[in-house]
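Colleague: I want to learn how to read the place where two chains meet. Can you take me through it step by step?

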Amino acid sequence: MAPTNEAEHKAFAKTQLSIQHLTHRYGDDEVLSDINLDVTEGEFITFLGPSGCGKTTTLRAIAGFITPTEGRVLLDGDDITDLPAHKRPVNMVFQQSTLFPHLDVGQNVAFGLEVAKVPKAEREKRVREALSLVKLEGFERRRATQLSGGQRQRVNLARAIVNRPKVLLLDEPLSALDLKIRLDLEVELRRVHRELGATFIYVTHDQREALALSDRIAVFNQGRIEQLDKAEVLYREPNSQFAASFVGDANVFAIDIASIGDATVTTTDGLELPLITDQAAVGPHWLVVRPEDVRFDTDTAGVEATVMDAAFRGASVTYRAECSALGASIKAEIPDEIPGTTIGRQVQVSWSGQRARLLPRQV
Amino acid sequence: MQYQTRRSIPTLLTTIGALAFLFVPLFIVILFSFHATDALTPPFEGVSLRWYREVLADDAVRDGLFTSLRVAVLTAVTTLIFGTAAAYGVSRTAGRAGAAYATLFLLPIAMPGLILGVALLSFFSNRSISLSTLTVVIAHTVFVAPVFFIVARTALDRIDEAQLEAAADLGATPGYRFRKVILPQVLPVLLAGAAMAFVISFDEFIVTFFVIGNESTLPLVIFSRLRRTIDPSINAISSLLLFLNLALWLAALLYSLRLEARRRRDALAQVQG
């Protein structure tokens with residue numbers, strides 16, 4: 001974790017949700033190991049990780065669907081660990097639509113209000129407000145089966161926010177939708193978050209979604225939080241090989257540093273690689289280079305590689321080059337096509353020494 | 001491509017023969033319930049409603065009919081309550097425990113009515129419970145509960161667990177979830193199951209024979225009449241029961257067709273939406 005960012009973060013904000021030493025086991029299988037996390041009021045925080053990393057389990061522990069083996073969940077300072085789901089002032093949007101098929105849209109959205117015995121006039125007003133917030137004005141009398149997938153998730157969102165939860169939990173709410181609808185709904189989610197000012201906790205395995213939506217991202221791996229930071233910090237300064245390769249595209253090279261120069265390091269194999277950092281040290285390391293920081297040149301000095309593939313992406317071209325000296329394939333994202341860079345061509349690969357990142361590597 | 005059996009004379013004859021075997025006796029029973037004389041076999045000698053009049057005026061038949069209706073209604077109600085509770089419990093019990101409970105609830109199906117009758121009779125006399133329509137209701141409930149259980153469980157299992165989590169998440173207590181989320185979705189099926197319980201109970205004979213006291217259900221009345229006289233009044237009773245059953249089945253069929261049509265319309269709307 002980047003300590004300066006954390007400290008800065010805590011200085012001006014009030015902690016609303018606190019997860020302390022959360023550990024969960026199914027039999028001998030430990031799915032969560034000592035998760036610690038403070039979420040600030042009004043924050044949009046994302047749990048990011050591959051399937052089975054513990055992100056959803058953590059979310060379900062906050063919602064009250066599981067009781068953790070160890071650890072506490074605190075909401076505004078109150079311990080809610082043993083409170084059943086129906087007594088917690090948090091609401092959830094699920095991965096698959098969970099609209100009640102026997103009720104229409106209006107009745108679905110009103111469900112939580114009816115449970116809370118909100119008077120009818122007030123109920124109707126708030127259902128209207130919630131539906132207008134998700135841009136589905138006048139959809140009250142429709143049935144869930146008459147809606148598209150995207151509309152259905154909007155109704156699920158409206159149903160979850162109508163109770164004005166302190167914390168809104170979102171469990172991969174967009175993952176079942178088509179890409180275009182997903183992108184539209186991302187924009188909508190950010191707007192709804194701004195307008196409500198509530199705390200959002202979002203679970204996804206899609207790093208692009210996480211980067212686009214979140215104030216902060218918690219990268220989960222094997223039941224632990226690998227790194228918790230703002231999106232930019234996470235992208236620019238990943239502090240583990242896992243975080244580096246899971247968040248954004250990354251070239252990760254296993255290198256063994258023999259000596260440190262001014263703007264370069266020299267490996268035990270005698271390769272001179274661009275790197276400017278005060279953290280360089282002799283020994284085995286991971287070198288992380290983002291594709292957009294990679295340059296291909298034919299004349300300047302660099303590491304020799306052979307172009308293997310080029311894919312046009314509209315705004316840029318993605319090249320892949322095989323580098324035998326580094327024993328790896330290098331991905332480069334370059335704004336314009338390089339004239340004459342045909343497949344099979346020899347190129348000199350280099351990158352910005354300032355943007356490259358060095359991480360310790362165990363051997 | 002669908003495989004079609006070739007239409008041949010032997011196939012046709014077999015089909016007609018099988019259908020005749022099923023329906024001719026029914027037809028004869030109905031036909032002779034309208035017979036003018038007391039003969040039960042051909043030749044048919046004129047139409048009359050005398051046997052229906054006679055049967056409907058017969059106190060024994062009327063009492064039997066009301067006893068049967070009372071027993072069948074009570075059996076349907078108790079089955080609905082206990083069967084739903086059992087099916088709900090099992091459908092929400094995960095893993096091996098749930099499967100074990102399900103097997104236990106279904107086991108009575110494998111028990112012959114004769115054995116069930118003997119077992120219940122010895123139980124009632126051992127506990128000094130006097131035989132009455134109440135003991136018949138208990139016996140019938142034991143008898144039809146497994147059938148109802150299967151029907152109810154299929155419907156309950158179709159409800160997505162995530163829906164119940166969503167309801168809990170919105171603040172609904174377990175009781176509220178059952179009343180407002182589960183029940184509205186499964187009620188048609190539960191009522192159909194209760195109707196099945198009603199029909200099975202209504203013409204049940206063997207178990208009833210063991211555990212009934214002084215009263216008689218309609219099947220018992222028919223049986224005792226058969227031992228005394230054989231005339232078309234039996235046909236008239238049978239025909240009445242047949243019409244009643246047909247009416248029930250027809251109502252159930254129309255109802256399920258309507259449900260199916262609505263489901264299809266919704267599915268279509270979903271595809272288009």
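This is a predicted model: local features need pLDDT of at least 70, side-chain atom pairs count only at pLDDT 80 or more; totals for chains, interfaces and linings use all residues.

Colleague: Which elements give two or more residues to the side of chain A that touches chain B?

Modeller: Four names to find in chain A: α2 (55–63), β6 (90–93), α3 (105–115) and α5 (149–161). The largest share comes from α3(A), with 4 residues.

Colleague: What is that side of chain A made of, by class?

Modeller: Sort its residues into classes. The side of chain A that touches chain B has 11 nonpolar, 9 polar and 4 charged residues.

Colleague: How many residues are in contact on each chain?

Modeller: Count both sides. In chain A, 24 residues are in contact with 22 residues of chain B. The two chains bury about 2,100 Å² between them. Of that area, 59% is on carbon and sulfur atoms.

Colleague: How should I read a salt bridge?

Modeller: General idea: side chains of opposite charge can pair when their charged atoms come close. Now the case here. Between chain A and chain B the count is 1 salt bridge. A:Arg60 and B:Glu165 form a salt bridge through their side chains, at 2.4 Å from N to O.

Colleague: How many salt bridges does the structure hold over all chains?

Modeller: The total is 33. One joins the side chains of A:Lys135 and A:Glu188, at 3.7 Å from N to O. A:Lys135 sits in the loop between α4 (120–133) and α5 of chain A, and A:Glu188 in helix α6 (residues 179–196) of chain A, so the pair ties together parts 53 residues apart in sequence.

Colleague: Which residues form a nonpolar patch on the surface of chain B?

Modeller: Look for B:Met111, B:Leu114, B:Ile115, B:Val118 and B:Ile206. Together they have about 420 Å² of accessible area. Helix α5 (residues 113–126) of chain B gives the most to this patch, with 3 residues. B:Leu114 is found in that helix.

Terms used:
Residues are numbered from 1 along each chain as its sequence is written. Chains are lettered from A and ligands numbered from 1 in the order in which they are written. Side-chain values use heavy atoms; hydrogens and water are left out. Contact means heavy atoms within 4.5 Å. Buried area is the accessible area (1.4 Å probe) that two parts lose on being put together, summed over both. A salt bridge is a side-chain nitrogen of Lys or Arg within 4 Å of a carboxyl oxygen of Asp or Glu. Ala, Val, Leu, Ile, Met, Phe, Trp, Tyr, Cys and Pro count as nonpolar, Asp, Glu, Lys and Arg as charged, and the others, Gly among them, as polar. Patches are made of residues with over 30% relative accessible area and no salt bridge: like charges are joined within 9 Å, nonpolar side chains (Val, Leu, Ile, Met, Phe, Trp, Tyr) within 5 Å. Accessible areas come from the Shrake-Rupley method with a 1.4 Å probe; for residues, only the protein chains shown count as cover.
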